[in-house]
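Good morning, colleagues, and thank you for your time. I would ask you to keep the sequence and the model in view while I speak.

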Amino acid sequence: TLVLMAQKDFKMEYRLVGETGLKVSVLGMGAMTYDTVDKTLELLRCVRKYGVNFFDNAEAYGNPIRGIAEINFGKALKILQKEDPKLWRRSDLVLTTKIFWGPQAGDVKLGPDRRSVGVNEIGLTRKHLFEGIRDALKRQQVEYVDIVYAHRPDPLTSIENIVRSFNDILKAGYAFEWGTSMW
């Protein structure tokens, strides 16, 4: 039998992200299915009242248009911050994005291979990392993300170039931490 806890009886647990001092909820909310603003609002309202503060995004999330999940998240976040400024204050949220797969030009539908990007709009080149983080910030309507991830390894770009580029993203103030996803 499944017993649901009342909101008042539930206390979210938080854990540290490595040695950064940053505290994230043990449950996070992934943005891959944020296909409408209304659905995004519903999901965000539900999880935040239970203490979720970790919201994971990526430039590739969204179907049929890559990036639409971050756009919907950004619109929803602005609405929620107006509804309840204390609950949705930016200083208490941990927002992420992941870069590798590239954006999608306009409203071009994804093909079977999910590719509709230019040759320099995919991977972990310095060019794509900087363009990707700036575009993600615009889509999410935020000044920075807390963590930016390399979504996949890039065999065409040296690890030295990748590390230097991510460190420069941090120095530029676009993110506070960086890491890897699915490596």
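Predicted model: local features only at pLDDT ≥ 70, side-chain atom pairs only at ≥ 80, totals over all residues.

Let me begin with the overall layout. The protein has 4 helices and 7 strands. Read from the N terminus, the order of elements is β-β-β-α-β-α-β-α-β-α-β. The protein has 183 residues, and 43% of them are buried. If we take the contacts between residues at least 6 apart in sequence, 72% of these contacts join residues at least 24 apart.

I turn now to the sheet. In which order do the strands of the open sheet stand? The order is S3-S4-S5-S6-S7, which makes 5 strands, and their pairing is parallel. At the edges we find strand S3, residues 28-30, and strand S7, residues 175-180. Each of these two has a single partner strand, so one side of each has no neighbour in the sheet. From one strand to the next, the twist averages 20°.

S3 and S4 are joined in the parallel sense over 3 bridges, and glycine 30 has aspartate 56 in S4 as its bridge partner. Strand S4, residues 54-56, also pairs with S5 in the parallel sense, here over 2 bridges. Phenylalanine 55 has its bridge partner in S5, namely leucine 95.

I come next to the helices. In general, two packed helices are described by the angle between their axes and by the distance between those axes.

On the H2 side, the contact is made by Glu70, Ile71, Phe73 and Gly74, and on the H3 side by Ala136, Arg139 and Gln140. By class, these residues divide into 3 nonpolar, 2 polar and 2 charged.

The second pair is H3, residues 126-140, with H4, residues 159-171. Here the axes come within 9 Å and cross at roughly 30°. Angles under 35 degrees count as roughly parallel, and H3 and H4 are therefore described as roughly parallel to each other. Their crossing is right-handed. From H3, the residues involved are Arg126, Leu129, Phe130 and Ile133. They meet Asn161, Ile162, Arg164, Ser165, Phe166, Asp168 and Ile169 in H4. By class, the contact of H3 with H4 has 6 nonpolar, 2 polar and 3 charged residues.

Threonine 125 lies in the loop between S5 and H3. Is this threonine buried, exposed or partly exposed? With a relative accessibility of 27%, threonine 125 counts as partly exposed. Between threonine 125 and phenylalanine 100 there are 8.9 Å in space, C-alpha to C-alpha, although the two are 25 residues apart in sequence. Apart from its neighbours within four places in sequence, threonine 125 is in contact with Asp154 and Thr157.

The other two residues concern the backbone. Glutamine 141 has a phi near 60°, a positive value in a residue other than glycine. This glutamine sits in the loop between H3 and strand S6, the latter being residues 145-150. Its relative accessible area is 34%, and glutamine 141 is thus partly exposed.

Methionine 182 likewise has a phi near 60°, again positive in a residue other than glycine. Where is methionine 182 placed? The answer is the segment after S7. Methionine 182 is exposed, and its relative accessible area is 57%.

That concludes my presentation, and I thank you for your attention.

How values were computed:
Residues numbered from 1 in each chain as written. Heavy atoms only, no water. Axes fitted to C-alpha atoms, helices over the stretch in contact; angles between N-to-C directions. Parallel < 35°, antiparallel > 145°, perpendicular 65-115°, else oblique. Left-handed = near helix turned anticlockwise from the far one by under 90°. Contact = heavy atoms within 4.5 Å. Nonpolar A, V, L, I, M, F, W, Y, C, P; charged D, E, K, R; others polar. Pairing = 2+ DSSP bridges. Buried < 20%, exposed > 50% of the residue type's maximum accessible area, 1.4 Å probe, protein only.
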